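Subject: Structure handover

Hello,

Here is the structure for your files. My notes on the fold follow below it.

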Amino acid sequence: MNNQLITERTDRQKEAWQALERPDIRRVLYGGAKGGGKSYLLCLWIFDYCWNICIKYGIKPSKNPIHIGWIGRKQATDFTATTLQTWRQVIPECYYEIKAGTEKDSKHILIMGRIAIDFGGLDRQENINKFNSAEYAFFAIDQAEETTRDEVSILRGSLRLKIDGHELEYKELYTANPAQCWLKEEFINTKRADNVFVPALPSDNPHLPANYTQTLIDAFGYR
């Protein structure tokens, strides 16, 4: 993997990454104001997770790759317009192909012809129902404050994939803007040993304009 991708992270992104690497942590919420680099971290971590699975289990190119996880947003169109564009910017195109959905397979990102990541939205019941039969090792939801606990619970039930009979380190990654929703109850108000909340602040991101925090205050201060 391109080592430059791994090193280009803020301290907060590194904190979230380290939490995801811990075997005792299953769920990470990386949340906060706009500009904290949340979608960037989400895309980069997913790619690295899949890359490491390929290496660990010696997965070769296949016409029927393992569909190892799911990435999405509440609305599929929002995912395509935002998160998928971040993926294109962050991950070099030589490493992946974006595949259209078929009767057999959902829309997915194919990594080096070896492993697939399904993507889409939680806005259609027929798509959500497919998770009942899915077997994943991880899922990642961008802008997770848009979702409901019921929608996510079905995804959680899909974390049962095994490779060559081996259980994997099952992971859930959520990014979110501040909101009064189920994420606050689960990650902040309730303390669980396998949950971690990492704040994401625009002040952590050196790539933003110096006055961006004031821009946010001017835009959302009325709230």
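Two strands count as paired if DSSP finds at least two bridges between them. In this predicted model, strand 2 (residues 66–73) and strand 6 (residues 138–141) run parallel and are joined by 4 bridges.

Helix 2 (residues 11–21) touches strand 1 (27–31), strand 9 (171–176) and strand 10. The direction of helix 2 makes about 170° with that of strand 1. Helix 3 (residues 38–57) also packs on the sheet, in contact with strand 1, strand 2, strand 4 (108–111), strand 5 (115–121), strand 6 and strand 9. Between the directions of helix 3 and strand 9 the angle is about 165°.

The sheet itself is open, with 8 strands in the order 3-4-5-2-6-9-1-10 and mixed pairing. At its edges lie strand 3 (96–99) and strand 10 (195–199), each of which pairs on one side only. From one strand to the next, the twist averages 15°.

As for the whole protein chain, its secondary structure comes to 8 helices and 10 strands. The chain has 223 residues, and 48% of them count as buried. Taking contacts between residues at least 6 apart in sequence, 72% join residues at least 24 apart.

Regards

Conventions. Residues numbered from 1 in each chain as written. Predicted model: local features only at pLDDT ≥ 70, side-chain atom pairs only at ≥ 80, totals over all residues. Heavy atoms only, no water. Helix = DSSP H or I, 4+ residues; strand = E, 2+ residues; numbered from the N terminus. Buried < 20%, exposed > 50% of the residue type's maximum accessible area, 1.4 Å probe, protein only. Contact = heavy atoms within 4.5 Å. Axes fitted to C-alpha atoms, helices over the stretch in contact; angles between N-to-C directions.
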